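User: I am new to this structure and would like to learn how to read a few of its features. Could you take me through them slowly?

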Amino acid sequence: MARILAIDYGGKRCGIAITDESKIIASGLTTVDTKNLLSWLKDYVSNEEVEVFVVGEPKRLHGEASESEKLIQPFLLKLADSFPDIPVKRIDERFTSKIAFDTMLASGISKKKRRDKALVDQISATIILQDYLYNQ
């Protein structure tokens with residue numbers, strides 16, 4: 001069965017989350033350097049069936065696109081070209097980094113690990129994916 005893969009796209013690195021085969025549970029998978037993201041996705045999709053890509057849509061407080069969206073648009077074109085049979089869905093990612101950090105605090109993760117931005121990105125991707133699943 002196919003999975004749903006979420007991407008928290010960033011200028012330096014991207015958090016990746018994936019569902020279980022039943023598409024019920026979202027779990028953080030890894031963090032990938034942005035420059036390696038497409039090749040990582042090609043490798044992943046060659047081994048695992050992916051039904052949908054969910055990419056976070058960064059917005060400002062009042063709903064307009066943030067500056068980060070300019071970085072994401074070229075990636076979305078490459079993603080669609082590389083995987084024409086896998087649809088790409090967008091989901092509002094406002095506050096996901098803050099929620100991820102608060103989740104880390106509530107989980108009792110050490111201060112040193114909370115500074116790990118890669119972990120924050122992975123948790124953010126998981127939150128994006130959970131939001132997507134919840135809204136289906």
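**Salt bridges and helix packing**

Analyst: Let us begin with one residue of this predicted model: R3 has a relative accessibility of 18%, and because buried means under 20%, R3 counts as buried.

User: Which residues are linked with R3 in a network of salt bridges?

Analyst: The network of salt bridges links R3, E21 and E48. R3 pairs with E21, their closest N and O atoms lying 3.7 Å apart, and this joins strand β1 (residues 3-8) to the loop between β2 (13-19) and β3 (26-33), 18 residues apart. The salt bridge of R3 with E48 has an N to O distance of 3.4 Å, and E48 sits in the loop between α1 and β4 (50-57), 45 residues apart from R3. E21, at 39% relative accessibility, is partly exposed, and E48, at 30%, is also partly exposed.

User: How are two packed helices described?

Analyst: One gives the angle between their axes and the distance between the axes. Here the axes of helix α1 (residues 37-47) and helix α2 (residues 69-82) come within 11 Å and cross at roughly 30°. Since angles under 35 degrees count as roughly parallel, α1 is roughly parallel to α2. The crossing of α1 past α2 is right-handed.

User: Which residues of α1 and α2 make the contact?

Analyst: From α1 come L37, L38, L41 and K42, while α2 brings F75, K78, L79 and S82. The residues of this contact divide into five nonpolar, one polar and two charged.

Notes
Residues numbered from 1 in each chain as written. Predicted model: local features only at pLDDT ≥ 70, side-chain atom pairs only at ≥ 80, totals over all residues. Heavy atoms only, no water. Axes fitted to C-alpha atoms, helices over the stretch in contact; angles between N-to-C directions. Helix = DSSP H or I, 4+ residues; strand = E, 2+ residues; numbered from the N terminus. Parallel < 35°, antiparallel > 145°, perpendicular 65-115°, else oblique. Left-handed = near helix turned anticlockwise from the far one by under 90°. Contact = heavy atoms within 4.5 Å. Nonpolar A, V, L, I, M, F, W, Y, C, P; charged D, E, K, R; others polar. Salt bridge = Lys/Arg side-chain N within 4 Å of Asp/Glu carboxyl O. Buried < 20%, exposed > 50% of the residue type's maximum accessible area, 1.4 Å probe, protein only.
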